[in-house]
Amino acid sequence: MMILSGDPPKSRVLTLILVVIILALAATPFLFPGAKALNVAAKICVFAALVASYDLLLGYTGSVSFAHTMFYGIGSYAIAIALYGMGPNWAAVATGIVVGLPLAALLALAIGLFSLRVAAIFFAMITLAVASAFQVLASQLSWLTGGEDGRSFQLPELLRPGTVLISKNLFGFEINGRILTFYLVFAISALMILALLRVVNSPFGRVLQAIRENRFRAEALGFRTVFHLTYANCIAALVAASAGILNALWLRYAGPDTSLSFSIMLDILLMVVIGGMGTIYGAIIGATIFILAQNYLQSLMGVASKAASEAGLPLLPGLLHPDRWLLWLGLLFIASVYFFPTGVVGRLRHGRADKSAGASH
Amino acid sequence: MTDLAATDPLPKPRRDLAPILLPIALALVMIPLVGSPSTWLTLTAASLAMGMMIFIMASGLTLVFGLMDVLNFGHGAFIAVGAYIATLVFAPFVASVQADSLWVNLAVLAPAALLSMAVSGALGLVVERVLILPVYGQHLKQILMTTGGLIVAEQTLYALWGPQIIPMPLPTSLRGSFILGDVAIARYRVLAMLIGLAVFIAIQLVLNRTKLGLLIRAGVENREMVEALGYRIRRLFLGVFMTGSALAGLGGVMWALYREQVHASMSDELTVLIFVVVIIGGLGSIGGCFIGAILVAMVANYGGFLVPKLALVSNILLMVAVLMWRPRGLYAVTSR
């Protein structure tokens, strides 16, 4: 209870699903051999933390930001440029963190003070414009960022796949630097999600929810809403930048497509809405569903598309083409905003509440 | 307070001229900076043409926000749909497009533009009924719904037309430039300017001189009162939304001809551009949108000529500068 900040999943099914997801992620190196499974698991960890930080903004304060990938990208690029420029050592990792995180926080502060004074819509538009300018800047300043190609780099000795920490004949599994990196990603992501749970269940988090429900009333009660919103924006930016650092460390690469593009922003939106806004747990569920779909639904769609084209159906092969998987997730997104705005988590919790209400009668 | 006798005319609101002078001042300041007058004229003409095209695309967005308090993040989709529909018309009439006669060219261009507007407008009808009607008054859900609509529309375009860039050649008679002395002004830009001005004047006339416009302006000020007077404001909303979508479609055709290519990703890029314009102009203001579009185009053209590197972030700098001066845009709509 302490570790979850007094905010348990509040649904038996949800608890079960979360436990299964977390155990599966933790045991991935042993249960599912192969590079792809490990990649998918690491991506789920990183995105769960990233989406949870976005949930702090969208779900708890009700402000839509389109600049979240910018902070994610700042983290990624900071660590990538540091390791690329200074060589694979721990000093470079530290430099990347020391430069990247404050930069993200400062930028979030500036954007927040500039645009959170006015309506939510204004904030959404400003962040969209700033993020797109940043993306253009990152791809144009190629002496620094490597342009469209991005920056590939080497990790410090300890985290490399070649480094064998515990040899195979001890447990029957080889623990190498790659697996150590995975657990690093896993542990830091888990810590960040727990920290965010702590934040949203603190008095500060309550104020954020009050602002979401009725900003004028919160202001009338004496809370300085601009301060609270900006503070939340900075925390979210810090977590996003940290997730970016983890992602770059895992991929050993930072580039516009993996860390800055607008499509990642849309992915985050989809994950948070499908998982459930304003729950933090929704981030884990949403990221898991989305990334599993991204990696495994596509091959399924490929089969369906082929079958449809062999059956000679018009239009369907194009709609079912593996590259069009986002179309179906987009439809799912609209449907979930419309029919169950509280997402999977809200649905599971709600179902339980209805049942217990029925039982008490 | 001054006393007003019953026979006195109502006091007129003070005209706010500063925003109108802004682009003119900017253009004049640029004369010595650019150096040669002929280059300056060419650049200014280019900015005006580009600004008019951006205005046509953005006008629908700001109109819809002003009247309905709905910010359509999927507005860019109508632009892309308009452009794609025009390629459908162009494809079977390649010969007419390439013919060296203005009238033959226009005989293809005009129906293509009209069809694009019709399809975008019809799509606007569907979007308003399906996506926006359930979430009137809820900003967060509107943003999410319309963003979802943008994803679906873009992916559908990819599914129907494929991911490749479709070339959209400019009709032959619109290529080349008018040469006046040593000033060259591209023909297509003159056409774009004329269409943009026509749209602006038409919108202003409808809004300020007709009963329909009176109702729309009244709706912007106070929705409940217009409804209480017995007008169906929902139908008015729908009409404005469809008009805005159709204008976006027209803008899409013009932009595609300007760039001479069509791609589904244009909806993302242009969404950002028109958002900047709408923010600069003041959400909901048509006049502000017009000036904002011209300012953005001017900064892009002059900036691209003087300091090419700066052009990348010029929009954002312009936006920051304008918002420092007037935090709610050039013309703030008071009721919002």
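Residues are numbered from 1 along each chain as its sequence is written, while chains are lettered from A and ligands numbered from 1 in the order in which they are written. Because the model is predicted, local features need pLDDT of at least 70 and side-chain atom pairs count only at pLDDT 80 or more, whereas totals for chains, interfaces and linings use all residues.

Let's start with chain B as a whole. Chain B has 13 helices and four strands; helices here are DSSP runs of H or I with at least four residues, strands are E runs of at least two, and both are numbered from the N terminus. Along the principal axes, the C-alpha atoms of chain B fill a box of roughly 65 × 50 × 35 Å.

How much of chain B is buried? Buried residues make up 48% of its 336 residues. With C-beta atoms placed from the backbone, buried means 20 or more other C-beta atoms within 10 Å of the residue's own, exposed means 12 or fewer, and partly exposed is in between. As for contacts, meaning C-beta atoms, again placed from the backbone, within 7 Å, 77% of those in chain B between residues at least 6 apart in sequence join residues at least 24 apart.

Now, where do the two chains meet? In total, 29 residues of chain B are in contact with 31 residues of chain A. On the chain B side, α6 (139–161), α11 (266–281) and α13 (314–325) are the elements that give two or more residues. Of these, α6(B) gives the most, with 16 residues. By class, that side has 20 nonpolar, seven polar and two charged residues. Ala, Val, Leu, Ile, Met, Phe, Trp, Tyr, Cys and Pro count as nonpolar, Asp, Glu, Lys and Arg as charged, and the others, Gly among them, as polar.

Strands β2 (residues 177–180) and β3 (residues 183–186) run antiparallel, joined by four bridges; strands pair if DSSP finds at least two bridges between them. S177(B) stands opposite A186(B), and G181(B), in the hairpin with two residues between the strands, takes a positive phi near 65°.

Over to chain A, and a helix pair. The axes of α8 (residues 177–200) and α11 (residues 225–251) come within 10 Å and cross at roughly 170°. Axes are lines fitted to C-alpha atoms, for helices over the stretch in contact, with angles from 0 to 180 degrees between N-to-C directions. So α8(A) and α11(A) are roughly antiparallel, the term for angles over 145 degrees. Their contact has ten nonpolar, three polar and no charged residues. Leaving aside neighbours within four places in sequence, I235(A) is in contact with L56(A) and V199(A).

Most residues other than glycine have a negative phi. R252(A), however, has a positive phi near 55°, and E260(B) one near 60°. R252(A) is partly exposed, with 18 other C-beta atoms within 10 Å, whereas E260(B) is exposed, with 11. Thanks, everyone!

Technical notes
Two residues are in contact if their C-beta atoms, placed from the backbone, lie within 7 Å. Angles under 35 degrees count as roughly parallel, over 145 as roughly antiparallel, 65 to 115 as roughly perpendicular and the rest as oblique.
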